[in-house]
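Subject: Structure handover

Hello,

Here is the structure I promised to pass on. My notes on it follow below; please read them with the model open.

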Amino acid sequence: MASSDALLPISAREEEPLCPYTKLPDGSRSDPETHPRRRRPYKGLLAVSFGLLLIAFYVALIATQDGSRSNEAANAIDETEKTTSSSRARLAGVSEKSNDGLWKLSGGRNTPAFEWNNSMLSWQRTAFHFQPEENWMNDPNGPLFYKGWYHFFYQYNPNAAVWGDIVWGHAVSRDLIHWVHLPLAMVADQWYDSNGVWTGSATILPDGSIVMLYTGSTDKAVQVQNLAYPEDLNDPLLLKWVKFPGNPVLVPPPGILPKDFRDPTTAWKTPEGKWRITIGSKINKTGISLVYDTTDFKTYEKLDSLLHGVPNTGMWECVDFYPVSKTARNGLDTSVNGPDVKHIVKASMDDTRFDHYAVGTYFESNGTWIPDDPTIDVGMSSSLRYDYGKFYASKTFYDQNKGRRILWSWIGESDSEASDVQKGWSSLQGIPRTVSLDTKTGKNLVQSPVEEIKSLRLSSKKFDLELSPGSVVPVDVGTATQLDIEAEFEIKKESLDKFFGDASVVAEAEEFSCEKNGAGSTVRNALGPFGFSVLATESLSEQTPVYFYIAKGKDSKLKTFFCTDTSRSSVANDVIKPIYGSVVPVLKGEKLTMRILVDHSIVEAFGQGGRTCITSRVYPTTAIYGAAKLFLFNNALDATVTASFKVWQMNSAFIHPYSEEAVRALTRT
């Protein structure tokens with residue numbers, strides 16, 4: 001192995017050690033002793049007559065202290081001064097985490113805001129999805145299972161319900177459902193993370209120790225990778241974390257811009273005994289994942305090859321890389337490889353706000369990966385997604401406790417920032433999901449809520465109904481705010497025979513799209529749509545349909561789509577109400593199946609055993625509390641559909657603030 005100095009990126013090599021002085025890509029040298037962790041505005045009473053003079057002096061002072069600031073950083077500051085509407089996140093070099101791109105789908109945002117009252121806003125808070133007690137949350141970070149506890153860390157702003165001041169929140173659970181909030185795990189208190197303790201991943205080593213790699217945004221807004229570890233491995237709650245004094249352990253390599261280097265993955269073991277990680281980046285418009293090897297997580301060797309890259313996909317955030325079994329539904333440790341293994345590369349697309357993945361083959365010899373089907377490579381418009389709704393910055397971990405791979409994801413809001421500020425919180429985490437390769441198709445993943453969610457099921461009702469064309473049937477389950485629905489649908493044989501015997505039926509499968517079909521579930525064809533309307537009023541003035549739509553292709557074969565239509569979910573005009581969905585594979589002999597979790601302002605839908613998943617945020621104004629109803633519908637023109645389904649009322653998960661008693665209570669469960 002090369003010397004430790006040779007393992008560092010070229011831009012970090014100097015005669016002096018990496019810490020406390022580090023030469024960054026902008027050419028400057030950061031010194032934690034002489035450079036403040038955060039620039040703070042001058043305080044005190046200023047006479048108006050001296051205002052302009054003092055501003056000029058302040059600018060000159062900054063220039064003196066930071067004369068080597070890069071052109072990019074200076075331009076970013078100039079843009080901040082020129083455009084007050086610029087996103088703070090975008091200027092910081094991380095995803096905006098905003099809904100701007102989606103407002104266009106909802107007719108723009110230049111309309112008066114809806115007058116939300118406290119009753120409506122209080123109803124939006126979920127009962128069994130993870131969220132902080134207050135303020136802003138985004139990416140899941142470093143999930144792991146340790147000494148009987150599931151640990152969940154997350155991007156958190158402790159000061160407001162909007163993005164900014166990012167630190168790591170921390171919570172623990174025995175079952176991934178019932179959580180206790182813990183004190184903050186890491187805060188922005190060093191020069192190398194003073195602008196944010198950003199996304200990272202955990203690796204559990206063979207001796208049981210834990211390393212956490214995370215991205216820090218430095219005092220000069222350069223993205224660097226840092227190392228942290230628990231202060232006391234005997235503490236099952238991992239309450240205290242120590243940052244490695246030699247941080248940062250990685251800085252952007254030559255050719256990578258200072259704000260395009262983030263989100264290190266969980267490490268996996270190579271045959272040579274090294275640990276390997278990948279980090280998201282881009283070169284021009286090509287999204288890439290860089291690869292590094294290490295033996296001690298302190299010094300690294302960059303591989304000449306990329307794990308993967310796809311042109312015209314933009315910045316890759318929150319890259320994930322893991323093995324899946326070709327023959328079984330169980331999960332695999334991240335280091336597993338072999339003839340019965342495929343590998344998943346997933347990236348969160350900064351340009352589109354979607355999480356894309358592809359199934360492929362990993363080559364350990366040079367650290368590269370290629371997709372099985374290049375036409376659906378990572379980030380392409382035709383590529384596969386974990387979820388076709390509101391779902392971003394996801395992260396998996398191997399749960400050695402139950403031998404499964406668990407998927408977490410940030411579920412952002414679809415309302416206005418003003419509403420978030422008014423209610424005092426923003427964002428959820430999706431219900432943790434198991435994820436594995438679909439062993440029937442071999443071409444896609446399947447996902448399902450973790451089995452522990454069933455512990456919240458209360459009373460249930462079972463239904464077997466036959467729906468004639470154009471039917472809308474109320475389903476008597478009482479209040480429909482917290483539900484778990486499992487359903488099977490089947491089109492009657494007579495309807496199918498009639499459909500295939502009708503030469504006038506137009507082949508539309510190649511042109512149809514849930515998203516581009518602006519009329520959503522109201523569009524009728526011979527075989528659909530049919531499904532459920534959740535969070536609906538008695539009059540259906542507000543409703544969120546989740547449904548199948550079946551169309552004939554030019555080859556006369558049927559193609560099935562799974563969709564969620566939020567266009568009528570609320571009468572409010574300041575929320576985003578798209579139509580989500582995609583095609584879902586249905587194999588010969590399979591019935592159509594769906595599962596829906598309803599929890600106040602979030603609806604998670606799983607089609608065909610989780611081959612296609614859709615998460616939606618909805619904000620009804622009247623379909624809330626006891627007025628929320630459930631309906632079953634069949635908008636097909638000619639098909640009679642049978643539906644067999646069961647509906648459970650769901651209990652609250654009762655997520656608790658931190659206290660020793662709350663921890664003891666979970667320990668007893």
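I start with helix α9. The face of α9 turned away from its buried side carries two exposed residues, E660 and R668. Exposed means over 50% relative accessible area, buried means under 20%, and partly exposed is in between (1.4 Å probe, protein chains only). Helices (H or I, at least four residues) and strands (E, at least two) are DSSP runs, numbered from the N terminus. α9 spans residues 660–668, and its buried residues are A662, V663 and L666. Seen down the axis of α9, these fall within an arc of 100°, so they line one face of the helix. That arc is taken over the directions from the helix axis to the C-beta atoms. The cover over the buried residues includes β4 (149–157), β5 (167–173) and β6 (179–186). Cover here rests on contact, meaning heavy atoms within 4.5 Å.

A word on provenance. This is a predicted model: local features need pLDDT of at least 70, side-chain atom pairs count only at pLDDT 80 or more, and totals for chains, interfaces and linings use all residues. Residues are numbered from 1 along each chain as its sequence is written, and side-chain values use heavy atoms, with hydrogens and water left out.

Confidence next. pLDDT is the predictor's confidence in each residue, from 0 to 100. The chain averages 86, and 82% of the residues score at least 70. Over residues 1–86 the pLDDT is below 50, yet this stretch has 103 contacts in the model beyond near neighbours in sequence. Residues 99–107 are also below 50, with 19 such contacts. Where pLDDT is low, the predicted coordinates should not be read in detail.

Overall make-up. The chain has nine helices and 39 strands. Of its 669 residues, 57% are buried. Among contacts with a separation of 6 or more, 65% join residues 24 or more positions apart.

Two strands pair if DSSP finds at least two bridges between them. β33 (residues 558–565) pairs with β34 over five bridges, in the antiparallel sense. F561 has V583 of β34 as its bridge partner.

Now the cores. A nonpolar core is a set of buried Ala, Val, Leu, Ile, Met, Phe, Trp, Tyr and Cys residues joined through side-chain atoms within 4.5 Å. The largest has 65 residues, and those with the most contacts inside it are F489, F532, V534, M594, I596, L630 and F645. Strand β30 (residues 482–491) gives the most to this core, with five residues. Apart from it lies another core, of 26 residues, including A171, F397, I431 and A653. Back in the largest core, L630 touches residues including V473, L483, I485, F532, V534 and V647.

Which residues does Y388 contact, leaving aside neighbours within four places in sequence? They are S383, Y580, G581, S582, T612, C613 and I614. Y388 lies in the loop between β21 (384–385) and β22 (392–399), and it is buried at 9% relative accessible area. Its C-alpha atom is separated by 7.1 Å from that of T615, 227 residues apart along the chain.

Last, the backbone. Most residues other than glycine have a negative phi, and most peptide bonds are trans. The N247 to P248 bond is cis, with omega near 0°; P248 lies in the loop between β10 (241–243) and β11 (261–262). G528 and P529 are also joined by a cis bond, with omega about 5°; P529 is in the loop between α8 (493–500) and β31 (530–536). A221 has a positive phi of about 60°. A221 sits in the loop between β8 (210–217) and β9 (223–230) and is buried, at 16% relative accessible area. L535 has a positive phi near 45°. L535 is in strand β31 and counts as buried at 1%.

Best wishes
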